[in-house]
Amino acid sequence: MNWKTFFALLARDAHVARRNAMQLFLQTFLQPLLFVFIFGRVMVGSGYMRPEYKSLLLPGIIAISMTFTGVWAVAMPLIAEFQWTREIEDRLLAPISVGWIAIEKVIAGMLQALVAGLVVIPLAWLVLRPGVEISIGTPLTFALIIVLVAGFSACGGLALGSSMDQQHIGLMFSMVMTPMIFFGCAYYPWSALNKFPILQKVVLVNPLVYASEGLRAALVPKASHLPVAAVIGALLFFDVLLLVVGLRQFGKKAVT
Amino acid sequence: MAVGVRTQDLRKVYHSAPPLGAGGGFVMRADAKGAKQQPKAQIPALDGLSLEIRAGEIFGLLGPNGAGKSTTIGILTTRVRPTSGQAWIGEHDVWKEQAEVKFLIGVVPQRPNLDFSLTAREILVFHGAYFGIGSKLRNERADALLDKFKLTERGNQMVRGFSGGMMQRLSIARAMMHDPQVLFLDEPSAGLDPQTRILLWDIIREYHQAGKTVLLTTHNMEEADALCQRIAIVDHGRMIALGTPEELKASIPGGFLLRLRFGNQTDDLLQRLQALKGVREVRAADSTGLDVYADRGGSLIPEIASLAASCGAELSDVHISEPSLENLFLHHTGRSLRD
């Protein structure tokens, strides 16, 4: 294993991310912040929503921002670089095995997702305040959950980015990301689906459910949420599953 | 220490369209496994290619598009998985020891695959970093290569706006950045203007003089002739001739090729042409053409013309070419390199 090569690849991705920082920032945060503003500030302020909703919404917004960032940060460059320009070729020719190149992409995506998660907290808090009650009661659980959320988003990005062509990007967002976000218990807690028992079971295949519920458990322990152990187990499962699928797809695309 | 390259009985069959720049022969045929199965598209690109490229040699793979040249380079550079057969760079098995192999090789692809998110200089510097070259040395090398390839002024620009020739130059600079023992160039001068082509040839020769092995593919026989110490002619994934350019040219019967066309052609014309002094071989090219391989060129024309007249055939076109790799290719395959 050539760690020098691995870190050089990571440095390249960090360099490109820094160069595109402003674009990434707007791309990642504008939509969730507008959502926070309308639902957390306007709807609550005008009395359509109860004030507790602010605190319920924030973990969901963090989960969405992280998921979106991780998927986007890995999938979009991969899709572009695997296209006919084959830009990724110079990295595939770096002296390291092809699997490690994919893992480097996942690590870079995870780091971006973590930054997104940590940046959106103060931003959303600024938009929502006053009346948000979040606390990190168990820092270790919180840390574990955000790392697992970053992992599933980046591995998901690897799997999607290595399986799709440029002409299907629109489809990916409308068929994968949009339902995932709306059925991801980000804008409402899982317990809110009690009255829709079938839907409540079906959404459990959506990894974002565990991301939202896990962050809710870590940040707003008072609110009802899925058991933390189940959340961690499920996130771990999705991390591994998506990583395995992603590595396989990447390998197929990288070598003809 | 110079490093050689070897392949043994390489075969590659694509099951879907091969990537651009690694085109196979595009022959569709039914899967041999049985009639019950749905026929599957099989695109054979390499059909048992064995090569031995000596350490420190400039070796050329010459052949038309789809001959399997790019697939050969793809396999030797870890980018294509062979269906069967083996390949080695020095002592390293290309498929089993990929990271070691990648240290030894530099690759210039048929179409530039530069990292569009970086500037020209960054492309070189990061490439050096991937190969573990220290910060000071990689910056120095990047500057030296930019200068050598006349790209210093554009060094800090994103490569998106570069012309094809500039991208090609930068691709070569990138491949040389980690000072590889074996340099692969896939159609290096395709699309270059003559001036840049000469610069490129000089750089390849200079690199070779430093004791490096160079493997290039081309369908330009002038390039193969000018640069290569040995050439393998490939077609349909097989090697059809191997030798120095001189040896190969000497192997064409007679050396001269006269391509004749007739308005109408009679049966005994071929036999009677064969009997002319200096004619080595006559082949029917198609219904109206004959290829005559001979020891002499222009001086045969009056005799051919009078012979044709006496047979009642009307000579409509004559093309004389001197000994060349193009003729050699035609002699072996019945097709022109440009077909």
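Across which strands of chain B does helix α10 (residues 301-311) lie? In this predicted model, α10(B) lies across β11 (256-262) and β14 of chain B and runs at about 155° to β14(B). Angles run from 0 to 180 degrees between N-to-C directions, and axes are lines fitted to C-alpha atoms, for helices over the stretch in contact. Two residues are in contact if their C-beta atoms, placed from the backbone, lie within 7 Å. Helices (H or I, at least four residues) and strands (E, at least two) are DSSP runs numbered from the N terminus.

Residues are numbered from 1 along each chain as its sequence is written, and chains are lettered from A and ligands numbered from 1 in the order in which they are written. Because the model is predicted, local features need pLDDT of at least 70 and side-chain atom pairs count only at pLDDT 80 or more, while totals for chains, interfaces and linings use all residues.

Chain B contains eleven helices and 14 strands. Of its 339 residues, 44% are buried; a residue is buried if 20 or more other C-beta atoms lie within 10 Å of its own, exposed if 12 or fewer, and partly exposed in between, with C-beta atoms placed from the backbone. Among contacts in chain B between residues at least 6 apart in sequence, those joining residues at least 24 apart make up 72%. The domain assignment divides chain B into domain 1 (5-10 + 49-114 + 162-248) and domain 2 (253-322), with bounds that come from an automatic or database domain assignment. A distance of 38 Å separates the C-alpha centres of domain 1 and domain 2 of chain B.

Strands β11(B) and β14(B) belong to an open sheet of four strands, in the order β12-β13-β11-β14 with antiparallel pairing. Two strands pair if DSSP finds at least two bridges between them. Strands β12 (279-286) and β14 (315-321) of chain B are at the edges with a single partner strand each, so one side of each has no neighbour in the sheet. From one strand to the next the twist averages 20°. Between β12(B) and β13 (residues 289-294) of chain B there are six bridges, and the two strands run antiparallel. In this pair, Glu281(B) is opposite Tyr293(B) of β13(B).

Strand β1 (residues 5-14) of chain B pairs with β4 (residues 84-89) of chain B in the antiparallel sense over five bridges, and Arg11(B) stands opposite Ser84(B) in β4(B). Strand β1(B) is also joined by eight bridges to β2 (residues 43-53) of chain B, again in an antiparallel arrangement. Here Val5(B) faces Ile53(B) of β2(B) as its opposite residue.

Helix α1 (residues 69-76) of chain B is mostly covered, with eight of its eight residues buried; among them are Lys69(B), Thr72(B) and Leu76(B). Just after α1(B), Thr78(B) takes a positive phi of about 70°, although Thr78(B) is not a glycine. Thr78(B) lies in the loop between α1 and β4 of chain B and is buried, with 24 other C-beta atoms within 10 Å.

A positive phi also occurs in chain A, where Cys185(A) has a value near 55°. Cys185(A) is placed in the loop between α7 (169-182) and α8 (197-202) of chain A and is buried, having 27 other C-beta atoms within 10 Å. Gly137(A), in the loop between α5 (98-128) and α6 (139-161) of chain A, is partly exposed, with 13 other C-beta atoms within 10 Å. Gly137(A) and Leu219(A) are 82 residues apart in sequence, and their C-alpha atoms are 7.2 Å apart in space.

Helix α2 (residues 21-45) of chain A packs with α5(A) at an angle of about 30°, the axes being 10 Å apart. The contact includes Phe29(A), Leu33(A) and Arg41(A) of α2(A), and Val120(A) and Leu123(A) of α5(A). By class, its residues are eleven nonpolar, two polar and one charged; Ala, Val, Leu, Ile, Met, Phe, Trp, Tyr, Cys and Pro count as nonpolar, Asp, Glu, Lys and Arg as charged, and the others, Gly among them, as polar.

The contact between the chains takes 22 residues from chain A and 27 residues from chain B. On the side of chain A that touches chain B, α1 (3-19) and α4 (89-92) of chain A each supply at least two residues, and α1(A) gives the largest share, seven residues. This side of chain A has eleven nonpolar, five polar and six charged residues.
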